[in-house]
Amino acid sequence: MEKVQLSLERFLPELRDLERKNIFSKDEISDIVTKRRAHEVAVSKREVKPIDYLRYIEYEGRLEKLRKVRAGRIKVATRKTLSDHSIAAHITHLHRLSTRRFPSSIVLWDAALAHALSQASPLLVSRTLSSAIAMHPTHVKYWLLASRWESEGDRKGMGGGNTEAARRLCMRALRFLKGADGEEEVWAEWVRVEVVYVERIKKRWEMLGIGKKDDAAVVEQEDKMVVEGEESEEVDLSALEQSEGQASAALDQAVKEVETTAVSGQEAIRDGAVVRVVLDSCLTSYSHSMRAYTLLITLLRTISSSLRLPLLAHVYTSLAEHHPSTSPSYPSAVELLATRPMYDIAYDPTVKDGTAPAALEGEALVDAVGAVVDEFWKACKGKKGKGKEREKAPVEVWERFCGWLEEMEDESTDENLTVFLTTNLTTALSLAPPSPTLSLLHLRHLLRNSASPATILACATSLTTLFGGAPSPPTTRVQAWLARLEVSLSPSLALSPSELIALFTAATNSLPYAGSLWSLYATYITSPSSTLSPSEIAAWYETAIATSLLTSALPPPSYLQPSLPREILPASYLAFLLSPSFPSSSNDVGKTLERLLAGAPTLPLAFLRQVLDVPVEILGEERREKIVGRVLRHREAAAEDWARAAKEQLAKGEVAKANEVVARAGRALGGREKEMFERAWEKVCDGQA
């Protein structure tokens, strides 16, 4: 308490000044002292929490806002006194204490940075950023914030202009974040810093009327003076030097090249030489992967600089060089290179910074689409080999081309452009080599353009003939059959119920483990289109469920599907039995379920739980008891199943049977499941469940 009392006594000069200036009354000051005492006690406790500091800081912030409002109303023409800055200083002190007490708390550091940025103190911002990064060197947000502070500053005009410091921050961030999730963001920030610097130089040259290389020395000297004048506000990270470790060779080389290029002259910098070095370093760091090219192209397409197109051209040149036709990623590279005319739009100085370039319209859009199509056709035709024959383009290139044409066809609102896209898509599909993706796309293309039923049916049949069996992967086979079945169900094809059932039978015999096929089959069987009676539908369900429980219906390891037929079909059958479509008495439903359970001993636990949700009037008390016993004997029975069984016995007044269930649960369950059961049973005994 002595520490709290000492802290409160330090506020006395401030409070007397506030009373003297009539900003707060005596009663209000007394209330301020009371609340500060409570907060000081909270933050002085041994078991203090971050929220205690945040509450104290929030109170002081509201107090400062109130003081400013009242001081503005009084408008006393006097010099600034202690109370004009003491509360803000106290908030700064609280932030410093909180981050020292809980250096691992991101929330407290965020609050400290927000407060520092709200004060007219660049030094406070720099020191807070330095401390935050030192405590959390892998937190990307702080590195980016520090870089932008040094490069651009804030809205109040503080900070900014120190490109050299921002560059060093990005370099150091990359050392700490090598291989981490935020590495891409840092590379993007470094590119942005260099581009902003180039634009700043251009504006300065324009204002000074400098256009000759001989005058560049003047600007160079000016830049040096600007940087030297801001050194006192730079974010200092000297504390991290010992923990940086070994940097990658690629990054070391990037640092040397950037530093060499940066002093080579303003003319080279103005033309984007430093930015190109950073781009090359980024690509080298990622081993020229498509991920890096996609990152940089996406970034450069939105930068607000006249260097947008030259820098994109530089990246495209590297892309074409490092991803030849023999590369596995060649199709992705072709798509990026071919679609350049659509998405690479020159920078418009009249557009507000940070705004994405406007989409192409009218003739510009038509010309761009034509250019993209030409580029894709060149890639699809392949390159000339050593002999007279051309190298065939990979099928993935055709898939990218046709996929892009389909996407543009869906988005097009111009009739002539749509006809152009449709014609090229039809031609490409007729010339492309066979593949599952192209066959599915061809089927969608025929449906979209209202082709004849015979043509659509022939395409769907060809799809399953080519890719509906071995050696196609299971996922491809399922997609092929699913597409054919969905198309065959279309009324325009006018297939008879017997033809559809034969088609479904062939599909499920070929892929008995495909839950999506069985689900579609069940939907058709229970629809009016199938013309089956309720008894015939029930017989089909029982046969299908028996088939789904066979070992042949287990999926291969390479086929990953969330729901299996053995889970889908029983649940669908139960829903059918309880629906108005099954016109039988409650006793008939109960007997049907009993027959199903007797003939299928390996039904999944989820279905047994669903059966227990059926009303007792329909299921019957005796049948329900048998199902409960079957659930408890299931190897996957969980704590909730045992608790439910014990609770039901207790509700019927069967205390001995309930205790027997509890004893069996204690023997059957273990670990976490046993603890969950004990908590659930305790709630039942207390009447809370």
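The secondary structure of the chain comprises 35 helices and zero strands, where helices (H or I, at least four residues) and strands (E, at least two) are DSSP runs numbered from the N terminus. The model is a predicted one, in which local features need pLDDT of at least 70, side-chain atom pairs count only at pLDDT 80 or more, and totals for chains, interfaces and linings use all residues. Residues are numbered from 1 along each chain as its sequence is written, and side-chain values use heavy atoms, with hydrogens and water left out.

Of the 689 residues of the chain, 44% count as buried; buried means under 20% relative accessible area, exposed over 50%, and partly exposed in between (1.4 Å probe, protein chains only). Among contacts (heavy atoms within 4.5 Å) between residues at least 6 apart in sequence, 64% join residues at least 24 apart.

R73 lies in helix α4, residues 50–74, and is exposed, with a relative accessible area of 67%. R73 and I23 are 50 residues apart in sequence, yet their C-alpha atoms are 9.5 Å apart in space.

H136, in the loop between α7 (122–135) and α8 (140–151), is buried, at a relative accessible area of 12%. Apart from neighbours within four places in sequence, H136 is in contact with P103, S104, S105, I106, W109 and Y142. A polar atom of the H136 side chain lies 2.8 Å from the backbone oxygen of P103.

Just after α10, G209 takes a positive phi of about 70 degrees.

Terms used
Polar contact = N/O pair within 3.5 Å; in protein donor to acceptor, adjacent residues only side chain to side chain.
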